Amino acid sequence: MPPIHLFWFRRDLRLSDNAGLYHALKSGLPVQPVFIFDHDILQHLPRHDRRVQFIHQALVALQTELAQWGATLDVRHGTPRAVMQDLCADYAVQGVFANRDYEPSAIARDKDIYHDLQAKGITFRAFKDHVIFEKNEVIKADGTPYTVFTPYARKWRSALQPFHLQAYPTQSYAQNFYQQAPKAMPSLSALGFEGAPFDFPSIEVAPDLIAQYAAQRDYPAKNGTSKLGVHLRFGTLSVRQLAAQSQHLSDIFLNELIWRDFYQMILWHFPHVVDGAFKPAYNQIAWRNDADDFARWCEGQTGYPIVDAGMRELNATGFMHNRVRMITASFLTKHLLIDWRWGERYFAQRLLDFDLAANNGGWQWAAGSGCDAAPYFRIFNPYLQTDKFDGQAQYIKQWVPEHQSSAYPPPMIEHAQARVRCLAVYGQALKGGN
Ligand SMILES: Cc1cc2nc3c(=O)[nH]c(=O)nc-3n(C[C@H](O)[C@H](O)[C@H](O)COP(=O)(O)OP(=O)(O)OC[C@H]3O[C@@H](n4cnc5c(N)ncnc54)[C@H](O)[C@@H]3O)c2cc1C
C-alpha cells in the first residue's frame with residue numbers, strides 16, 4: 001500500500017477554499033478524503049432529520065467532484081475513534097489532516113484521536129477554517145478574551161488583513177488526491193434515516209440582498225437575510241469567501257459574521273456556557289418550567305401571534321428569522337419563566353443552521369445570562385415588536401392565518417403581568433444586581 005495522508009471532512013464539506021484540505025494536498029503524499037457519520041451523534045437524532053439529509057447531499061456532491069479527479073470519498077459510519085482505527089488498517093496512513101472544531105465535545109474527541117494516532121506514530125494536524133479569527137487571535141491588550149461584542153468587533157476589524165479573507169487554492173493541487181475507483185456511499189436509509197424532497201436554502205445569494213441587508217434584515221416577512229446559516233454551519237460555503245464578497249457590500253452583514261466568530265471564541269474560552277449561565281448569578285433563577293406552557297410554546301399556540309408565527313415557521317421549515325428568534329426566546333424565558341436551556345435544546349433539534357456556539361449565545365443573550373446580554377429588566381414586548389417589525393402582519397398572516405378568529409387561543413399570560421412576575425423572579429435571583 002502506498003503511504004498516504006487522510007483528510008477528514010467535518011464541518012467543512014467543500015473542496016474549494018478549504019484550509020485543512022489545502023495543507024493536506026500540499027503535504028507531498030497522496031490525500032485520501034474521508035467522512036465519518038458519527039454514531040454517537042446520529043443515534044440521538046430523529047429518523048427524518050433534515051440536517052443528516054443535508055450532509056448526505058453535500059457528500060454526494062463531493063463524491064461527484066472527486067470522481068473528476070480520479071479520487072473518491074471514503075464514507076464510514078461508526079464512532080470516530082473506532083473508524084479511525086479501521087482507516088489506519090485499510091490504508092498506509094502517515095498523517096491525518098482536518099479543520100478545527102471549537103465545541104467542547106469535538107475538542108475532546110480530537111484529543112482522543114490525536115493520542116490514538118500518536119501511539120501509532122501517525123500525526124494529526126488541524127487548521128483554522130471555520131472562522132476568520134479563532135481562539136486568542138482577537139484578544140484585549142492585557143491578553144484576556146473579550147466578553148463584550150462591540151470592542152471585540154472593533155479589534156477584529158482592525159486585525160483584518162487581505163490575507164485573512166484570501167481563498168486557499170485547493171483545486172490547484174487536486175492532482176494530489178489518492179487515485180482509486182469510486183467507493184459506494186452508505187444510503188440515508190442504511191444510516192437509519194429517511195429523506196424526503198426538501199428545498200434547502202440556496203448557496204447563492206444575490207449581491208443585492210447583501211447590499212440591502214441593513215435596511216431589510218429586521219423584517220421577517222421580507223426575504224431580507226441570506227439564509228446561509230446551514231451552509232456556514234456545515235461548511236458547504238467558505239466564510240472567507242462570504243466575508244470577502246460582502247465586505248464592500250454591507251458593513252452590517254459583515255458584522256453578523258463577526259458575531260459568528262465572537263460566539264465561537266466565547267465557547268472556546270468559556271466552555272462552561274454549554275451547561276450553565278455565562279454569568280453564574282443567573283443559575284439562581286427559580287424557573288417555573290411548566291411542561292404544558294412549554295408544549296404550547298413549541299407548538300406555536302401561545303396566543304401571541306408573533307411568537308406563534310416564529311415557532312410554526314421553525315417547525316415547518318427548520319428556519320426562523322433572527323428577529324423572531326429573539327422574540328420567541330425572550331418570551332419563553334421571561335414571559336413563561338422557562339429555563340433557557342429548554343428552548344436552546346428545542347432550537348437545537350429543529351434548526352437547520354443549529355450551531356452550538358451561536359445558539360447558546362443567542363439563548364443566553366435572550367435570557368439575560370449571556371456575556372453581552374441586554375439587562376434582564378429590558379423585556380421584549382411582543383406587541384411593540386410586532387408593530388415595529390411586522391406592522392402589516394404579513395409574517396403573522398403567513399404562519400398564523402387564524403390569528404384574528406375564535407379558533408386562535410387567547411394570550412397565555414397578559415404581557416404586563418408576565419413582566420412584573422419576571423422582574424420579581426429575576427430580581428430575587430440577582431438580588432437587584434445584573
Ligand atoms: C435564540 C437564538 C438562537 C440562535 N441560534 C442560532 C444557531 O443555532 N445557529 C446560527 O447560525 N445562528 C443562530 N442564531 C443567530 C441568528 O439568528 C442566525 O444566524 C440567523 O438568523 C440565520 O439566518 P441567516 O442565515 O439568514 O442569517 P443572516 O442574517 O443572513 O446572517 C449571515 C450569517 O451570519 C451569521 N450570524 C448572523 N447573526 C448571527 C448571530 N446573532 N450570532 C452568530 N452568528 C450570526 C450566521 O452564520 C448567518 O447565517 C440564533 C439567534 C438567537 C437569538
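**Close-up views of the predicted model**

**View 1. Helix 17 is mostly covered, with twelve of its twelve residues buried.** Helices (H or I, at least four residues) and strands (E, at least two) are DSSP runs, numbered from the N terminus. A residue is buried if 20 or more other C-beta atoms lie within 10 Å of its own, exposed if 12 or fewer, and partly exposed in between, with C-beta atoms placed from the backbone. The model is predicted: local features need pLDDT of at least 70 and side-chain atom pairs count only at pLDDT 80 or more, whereas totals for chains, interfaces and linings use all residues. Residue numbers start from 1 along each chain as its sequence is written. The buried residues of helix 17 include N359, N360, G361, G362, W363 and W365. Helix 12, helix 15 and helix 16 (340-350) are among the elements that cover the buried residues of helix 17. After helix 17 comes G368, which has a positive phi near 90°.

**View 2. The shell around the ligand contains 27 residues.** A residue belongs to the surroundings of a molecule if its C-beta atom, placed from the backbone, lies within 6 Å of it. T225, S226, N322, N359 and G362 come nearest to the ligand. Two or more residues of the shell are given by each of helix 10 (229-234), helix 12 (251-269), helix 15 (322-335) and helix 17 (356-367). Helix 17 supplies the largest share, six residues. By class, the shell holds 13 nonpolar, seven polar and seven charged residues; Ala, Val, Leu, Ile, Met, Phe, Trp, Tyr, Cys and Pro count as nonpolar, Asp, Glu, Lys and Arg as charged, and the others, Gly among them, as polar. Domain 2 and domain 3 each contribute at least three residues to this shell.

**View 3. Domain 2 and domain 3 have centres 24 Å apart, taken over C-alpha atoms.** Their contact takes 17 residues from domain 2 and 20 residues from domain 3, where two residues are in contact if their C-beta atoms, placed from the backbone, lie within 7 Å. On the side of domain 2 that touches domain 3, helix 10 and helix 12 are the elements that give two or more residues. Helix 12 gives the most to that side, with five residues. The residues of that side of domain 2 comprise nine nonpolar, four polar and four charged. The chain as a whole is divided into domain 1 (3-129), domain 2 (131-164 + 206-269) and domain 3 (272-430), with bounds from an automatic or database domain assignment.

**View 4. V239 lies in helix 11 (residues 239-246).** V239 is buried, because 20 other C-beta atoms lie within 10 Å. Neighbours within four places in sequence left aside, the contacts of V239 are H130, V131, I132, L232 and L257. V131 stands 108 residues from V239 in sequence, yet the C-alpha atoms of the two are 6.5 Å apart in space.

**View 5. Helix 4 (residues 80-90) has P80, V83 and M84 buried.** These residues cover an arc of only 100° around the axis, so they lie on the same side of helix 4; the arc is that of the directions from the helix axis to the C-beta atoms. D86 and A89 are exposed on the other side of helix 4. The cover over the buried residues of helix 4 includes strand 2 (31-38), strand 3 (74-78) and helix 5 (104-119).
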